[in-house]
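My entries follow the structure.

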Amino acid sequence: NIEEVAQFRDQFYEGLSALGVFGRIYVAKEGINGQLSLPADNFEAFKTYLYSIDFLKGIRLNKAIQDDGKSFYKLKIKLRGKIVADGLDDESFDVTDKGSHVNAEQFNELADKESTVIVDMRNHYESEVGHFKEAITPDVETFRESLPIVEEMLKPHKDKNIIMYCTGGIRCEKASAYFKHKGFKHVHQLDGGIIEYSRQVKHAGLQNKFKGKNFVFDERLGERISEDVISNCHQCGASCDTHINCANDACHILFIQCPTCAEKYTDTC
């Protein structure tokens with residue numbers, strides 16, 4: 001609960017700028033949602049600075065799976081009404097009564113049970129290139145749009161184990177509390193999202209139940225989690241999972257394009 005949001009934003013910008021941080025960060029009264037990059041030599045200094053702020057002390061940092069050197073090119077810290085637009089009235093339910101966090105090993109154990117339903121809380125263009133096996137993947141454009149649709153999809157499974165997941169875990173913090181409020185009894189969320197799951201699976205030698213790419217909201221547009229390619233070029237239908245932004249300045253739509261079509265259409269849709 002950040003009291004002086006604008007004042008905090010200004011101080012935070014100064015502190016991060018001094019460490020060479022680039023990225024896109026949203027600050028709201030309810031907290032922070034950020035993605036950033038910085039020189040590797042400054043990482044420990046960055047952690048020291050971050051943990052010197054009371055409510056960020058010890059906060060988990062999700063590190064990128066792949067780094068091709070082109071994640072961010074400048075630092076933006078913007079004020080928002082909420083860190084993720086969800087359309088919910090936070091006064092109408094207990095936002096702190098969240099689903100239980102599960103790590104990669106616990107996720108795999110629950111996923112193997114018939115009494116478990118796995119729910120992707122991301123948008124369709126994210127799940128299109130990668131998702132967990134047998135997960136429900138709603139055809140939605142926004143998180144706000146997904147909440148009532150997912151609720152309807154889950155109604156037949158009200159007494160089952162429900163595991164929600166997203167990119168880094170932030171959307172599930174709110175969604176899991178909302179669905180518990182709606183009467184779902186056994187709500188879990190993947191701690192740290194796909195990013196942390198991938199790291200734990202690799203470190204512990206666990207089975208990787210995620211297929212394809214993890215969509216990310218920076219210049220990379222994706223991190224490969226498994227070698228599976230589960231999507232197709234939107235223009236010719238060839239097997240492909242490379243997202244690009246249409247190079248036409250009048251468009252810039254996000255879509256999947258194979259190398260052949262990229263050459264044929266000059267990186268446009």
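I looked up Phe55 first: at 44% relative accessibility it counts as partly exposed, the class between buried (under 20% relative accessible area) and exposed (over 50%), with a 1.4 Å probe and protein chains only. The model is predicted, so local features need pLDDT of at least 70 and side-chain atom pairs pLDDT 80 or more, while totals for chains, interfaces and linings use all residues. Residues are numbered from 1 along each chain as its sequence is written, and side-chain values use heavy atoms, without hydrogens and water.

I then checked Phe8, which is buried at 10% relative accessible area.

I searched the whole structure for aromatic pairs and got 14. Rings of Phe, Tyr and Trp (its six-membered ring) pair if their centres lie within 6.5 Å; planes under 30 degrees apart are stacked, over 60 edge-to-face, and the rest tilted. Phe8 and Phe55 have ring centres 5.5 Å apart and planes at 50°, so I logged the pair as tilted. Phe8 lies in helix H1 and Phe55 in the loop between helix H2 and strand S3, 47 residues apart. Helices (H or I, at least four residues) and strands (E, at least two) are DSSP runs, numbered from the N terminus.

I noted Tyr125 and Phe215 as an edge-to-face pair, 5.4 Å centre to centre with 70° between the planes. Both Tyr125 and Phe215 are buried.

I also found a cluster of Phe107, Phe132, Tyr165, Tyr197 and Phe210, linked by ring pairs.

Last, I looked at which residues join H3 to H7. Ala104, Phe107 and Asn108 in H3 meet Tyr197, Gln200 and Val201 in H7, where contact means heavy atoms within 4.5 Å.
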